[in-house]
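Good morning, colleagues. I would ask you to look at the sequence and the structure on the screen while I describe them.

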Amino acid sequence: MPRVYHDGDADLSALAGERIVVVGYGNQGRSQALNLRDSGLDVSVGTIADASRTQAENDGFKVREIAPAVGAAEVVMLLIPDEVMPEVYAREVAPSLRSGAALVFASGYNIAFGHIQPPPSVDVLLLAPRMIGPGVRDTFVRGDGFPSFVGVHQDATGRARARLLALAKGIGSTRAGCLEMSMADEAALDLFTEQGFGPAFGAVLMSAIETMIEAGFPAEAVLMELYMSGELAYAAQRFVDTGIVAQMDFHSHTSQYGSMTRGVRFADIDFKQRMRAALDDIRSGRFAAEWQAEQRAGSPRFNQLRQLREFHPINEWERQTRAAFGLRTQKP
Ligand code: NDP
């Protein structure tokens with residue numbers, strides 16, 4: 001059984017007298033900084049001088065450039081995008097990092113694939129919320145908390161675990177539970193969800209949409225039936241609340257009989273072979289190396305694929321459905 005830490009396992013006094021700097025004030029940075037401050041900890045922000053600086057100052061934080069902020073902190077939380085992190089780390093974090101500091105990552109990616117190699121003199125910690133940034137703040141304010149994956153990658157001070165659990169409590173995560181994990185496993189799980197599960201789920205959904213539109217059903221009806229009504233999202237929440245099998249009782253007997261008897265038609269499709277290939281690509285480091293090379297080349301393939309996706313017919317089908325039902329389009 002993996003270890004799961006709760007509030008009673010963590011003590012905020014492990015961070016007594018320690019200055020925390022949150023580097024980056026975006027999705028995770030803002031929410032974690034606000035939660036840590038509300039937990040009574042000493043928090044400031046390090047960021048480049050543009051959009052997020054104004055926001056952090058308006059929220060009442062002391063804001064500095066990244067290098068001086070890191071130099072004045074015992075705990076450094078790196079909350080900038082993973083793809084820019086190695087460069088920012090090398091240029092602005094590593095030269096200022098104090099001996100005995102704790103370096104905290106919200107994703108195992110850069111450590112797992114060797115893009116960042118911290119010195120032996122610092123604690124290296126994983127505190128990876130299983131929650132999007134705004135949810136990190138909302139659940140804290142509501143008093144619920146959210147789960148995280150946590151781990152000690154390097155213990156230079158002998159206090160690494162105590163510091164990690166105190167930070168996890170400070171952001172509100174030990175309220176819900178923090179599961180112990182290595183950086184490599186956190187990165188693999190995260191990437192597998194994006195590269196194994198996500199595309200497979202997307203392909204099944206798109207096959208269903210195309211099947212029904214080709215059979216003559218209007219796009220508005222098909223999209224509303226399959227996901228745009230919100231019923232799918234609602235049912236997914238019931239998976240969480242009651243369990244995948246038990247939630248079937250929320251559906252009619254006709255629905256249950258039909259899906260159980262017809263389910264066998266799809267049972268022999270071997271998703272696992274391709275999913276194992278996706279996992280192998282990730283664990284071998286091939287994906288990380290490819291993505292790094294792509295970025296170094298100026299991301300030509302990435303940019304081309306982003307342009308191409310604008311031409312997919314789903315965009316027009318969704319536009320028609322939104323117009324028909326008067327649904328507003330929310331910005332991501
Ligand atoms: P964001 O994209 O929201 O980070 C934005 C912040 O990074 C802003 O303060 C921005 O500054 C700053 N930034 C962007 N580029 C640079 C740069 N080149 N140099 C310095 N600062 C820069 O990141 P997230 O919060 O999404 O992700 C942060 C970490 O959290 C990552 O490790 C991610 O994997 C992890 N994570 C994210 C989750 C999520 O829900 N998003 C969930 C769990 C973990 P400015 O605005 O001034 O340009």
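How many residues of the shell around the ligand are nonpolar, how many polar and how many charged? The shell has 14 nonpolar residues, eight polar ones and two that are charged. Please keep in mind that this is a predicted model.

Let me stay with the ligand. It is surrounded by 24 residues, and the closest are Tyr25, Gln28, Asp50, Ser52 and Asp82. Helices α1 (27-38), α2 (51-58) and α4 (85-93) each supply at least two residues of this shell.

A polar backbone atom of Asn27 is 2.8 Å from an oxygen atom of the ligand. For Gln28, a backbone N or O atom lies 2.8 Å from a ligand oxygen. Ser52 contributes through its side chain, where an N or O atom is 2.7 Å from an oxygen atom of the ligand. Taken alone, the ligand exposes 900 Å², and the protein buries 75% of that.

I turn now to the sheet. Nine strands form an open sheet with mixed pairing, in the order β1-β9-β8-β7-β6-β5-β2-β3-β4. Which strands stand at the edges? They are β1 (4-5) and β4 (63-64); each has a single partner strand, so one side of each is left without a neighbour in the sheet. In the case of β4, two bridges join it to strand β3 (residues 42-46), and the two run parallel. Within that pair, Gly46 has Arg64 as its bridge partner in β4.

Strand β6 (residues 102-105) runs parallel to β7 and is joined to it by four bridges; here Phe105 stands opposite Leu126. Strand β8 (residues 148-154) runs antiparallel to β7, with six bridges between them, and Val124 stands opposite Gln154 in β8.

Finally, a residue in a helix. Glu194 lies in helix α8 (residues 183-214). Is this residue buried, partly exposed or exposed? Its relative accessibility is 49%, and therefore Glu194 counts as partly exposed. Glu194 and Ala278 are 84 residues apart in sequence, while their C-alpha atoms are 9.8 Å apart in space.

Thank you for your attention.

Methods: Residues are numbered from 1 along each chain as its sequence is written. This is a predicted model: local features need pLDDT of at least 70, side-chain atom pairs count only at pLDDT 80 or more; totals for chains, interfaces and linings use all residues. Side-chain values use heavy atoms; hydrogens and water are left out. A residue is near a molecule or strand if one of its heavy atoms lies within 4 Å of it. A polar contact is a pair of N or O atoms within 3.5 Å; within protein, one must be able to donate a hydrogen and the other to accept it, and residues adjacent in sequence count only if both atoms are side-chain atoms. Accessible areas come from the Shrake-Rupley method with a 1.4 Å probe; for residues, only the protein chains shown count as cover. Ala, Val, Leu, Ile, Met, Phe, Trp, Tyr, Cys and Pro count as nonpolar, Asp, Glu, Lys and Arg as charged, and the others, Gly among them, as polar. Buried means under 20% relative accessible area, exposed over 50%, partly exposed in between (1.4 Å probe, protein chains only). Two strands pair if DSSP finds at least two bridges between them.
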